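Please brief me on this model.

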Amino acid sequence: MSIFYDTHAHLSYPDFRDELPQVIERAQAAGITRLISIATDFLSSQRTLQIAEQFPNVFAVVGWHPSDAADAPADIRSSLRELAKHPKVVALGETGLDYYRLPSKNAGLTPAHDETYEAKQAALFRQHLEVAAELGLNCVIHQRDSLEDTLTVFEPFANRVRAVFHCFANDAATMRQIVAMGSLVSFTGILTFKNGQNIRDTLAATPLDQFMLETDSPFLAPVPYRGKRCEPAYVKEISQVAAQVKGCSLEALSAATCATADHFFRRLSK
């Protein structure tokens, strides 16, 4: 059985609270040998570290999600530095920009509220990048409806920090732009969806050593589990479609994606 990693799962979410040991056991049985649990704020960062301490094959990414920027302190850099001291922290994030649910979509709020919200996201994003550059870590980037601004913020750091643009759903031209900056993309269960041909097209154009696989659990369960809670074991189904798209064996895909993850995520292979 070919082994794979789940490079992006939210194991600290309540969805897994009642059966986390069983979820991790199922992942191992499916050949998913390393799980990277991604935090979305400082509370989930602490919980993610606890999980990483409990399970040898789980590693942590700590940070503050852009969608939760309104609740974040103005300056999170000292807290990021402290969290990153943990030996199982392999990157910072997920961070970035998300313009999908802007405040002005709610009654009584205006585009002026959007500007404040976007500015707070950008400030937190830069702080992640600053600390990552300082500590020699990479970043997990989330972007939704914000590609141009995300790249604008990231580009000044691109020679000091590598990024993985997770849950990648943009076109091949954008992928090539990201790869040219020295960074990576990552693909989820959307790859298996009937309406995911655009994602498959982008994967087909992505060099074998420039992408990783992820579930984004508990979201985006692949076919045949679509609509249900996703979990790390389902990287197996994602990998099967990815191998078909790339026209390679599962063994070759395993070797490439695991090596890419080992190189990208500090401390992962130690």
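Which strands does helix H2 lie across? Helix H2 (residues 42–54) lies across strand S2 (32–38), strand S3 (58–62) and S4, and runs at about 165° to S3. Helices (H or I, at least four residues) and strands (E, at least two) are DSSP runs, numbered from the N terminus. Axes are lines fitted to C-alpha atoms, for helices over the stretch in contact, and angles run from 0 to 180 degrees between N-to-C directions.

This is a predicted model, in which local features need pLDDT of at least 70 and side-chain atom pairs count only at pLDDT 80 or more, while totals for chains, interfaces and linings use all residues. Residues are numbered from 1 along each chain as its sequence is written, and side-chain values use heavy atoms, with hydrogens and water left out.

**The sheet**

- An open sheet of 8 strands has the order S1-S2-S3-S4-S5-S6-S7-S8, with parallel pairing.
- Its edge strands are strand S1 (4–9) and S8, each pairing on one side only.
- From one strand to the next, the twist averages 30°.
- Two strands pair if DSSP finds at least two bridges between them.
- Strand S4 (residues 89–98) and S5 run parallel and are joined by 6 bridges.
- Leu97 has Gln143 in S5 as its bridge partner.
- S5 also pairs with strand S6 (residues 163–165), in the parallel sense, over 3 bridges.
- Here Cys139 stands opposite Ala163 in S6.
- Strand S7 (residues 184–187) pairs with S8 in the parallel sense, over 3 bridges.
- Ser186 has Met212 in S8 as its bridge partner.
- Strand S5 (residues 139–144) is largely enclosed by the rest of the structure, because 5 of its 6 residues are buried.
- Buried means under 20% relative accessible area, exposed means over 50%, and partly exposed lies in between (1.4 Å probe, protein chains only).

**Crossovers and helix packing**

- S4, H4 and S5 form a right-handed β-α-β unit.
- From S5 the chain crosses through helix H5 (residues 147–154) to S6, in a β-α-β crossover that is right-handed.
- A crossover is right-handed if, with the strands pointing away from the viewer, the path from the first strand over the helix to the second runs clockwise.
- H4 and H5 pack at an angle of about 40°, and their axes are 10 Å apart.
- The H4 and H5 crossing is right-handed.
- A crossing is right-handed if the near helix is turned clockwise from the far one by less than a right angle, and left-handed if anticlockwise.
- From H4, Phe125, Arg126 and Leu129 meet Thr150, Val153 and Phe154 in H5.
- Contact means heavy atoms within 4.5 Å.

**The nonpolar cores**

- In soluble globular proteins, nonpolar side chains tend to be buried together.
- A nonpolar core is a set of buried Ala, Val, Leu, Ile, Met, Phe, Trp, Tyr and Cys residues joined through side-chain atoms within 4.5 Å.
- The largest core has 74 residues, of which Phe154 and Phe165 touch the most other members.
- Helix H4 (residues 111–135) gives this core its largest share, 7 residues.
- A second, separate core has 16 residues, including Val164, Cys258, Phe265 and Leu268.
- Leaving aside residues up to four places away in sequence, Phe154 touches Phe125, Leu129, Ile141, Val161, Arg162, Ala163, Phe165, Met181 and Ser183.

**Backbone sites to check**

- The peptide bond from Gly93 to Glu94 is cis, with omega near 0°.
- Glu94 lies in strand S4.
- A cis peptide bond also runs from Ser217 to Pro218, with omega near 10°.
- Pro218 sits in the loop between strand S8 (211–213) and helix H8 (235–246).
- Asp216 is in the loop between S8 and H8.
- Its phi is near 60°, a positive value in a residue other than glycine.
- Asp216 is buried, with a relative accessible area of 8%.
- Cys167, in the loop between S6 and helix H6 (172–180), has phi near 50°, a positive value in a residue other than glycine.
- Cys167 counts as partly exposed, at 21% relative accessibility.

**A buried loop residue**

- Gln210 is in the loop between helix H7 (197–205) and S8.
- At 18% relative accessibility, Gln210 counts as buried.
- Not counting residues up to four places away in sequence, Gln210 touches Val179, Ser183, Leu184, Val185 and Thr260.
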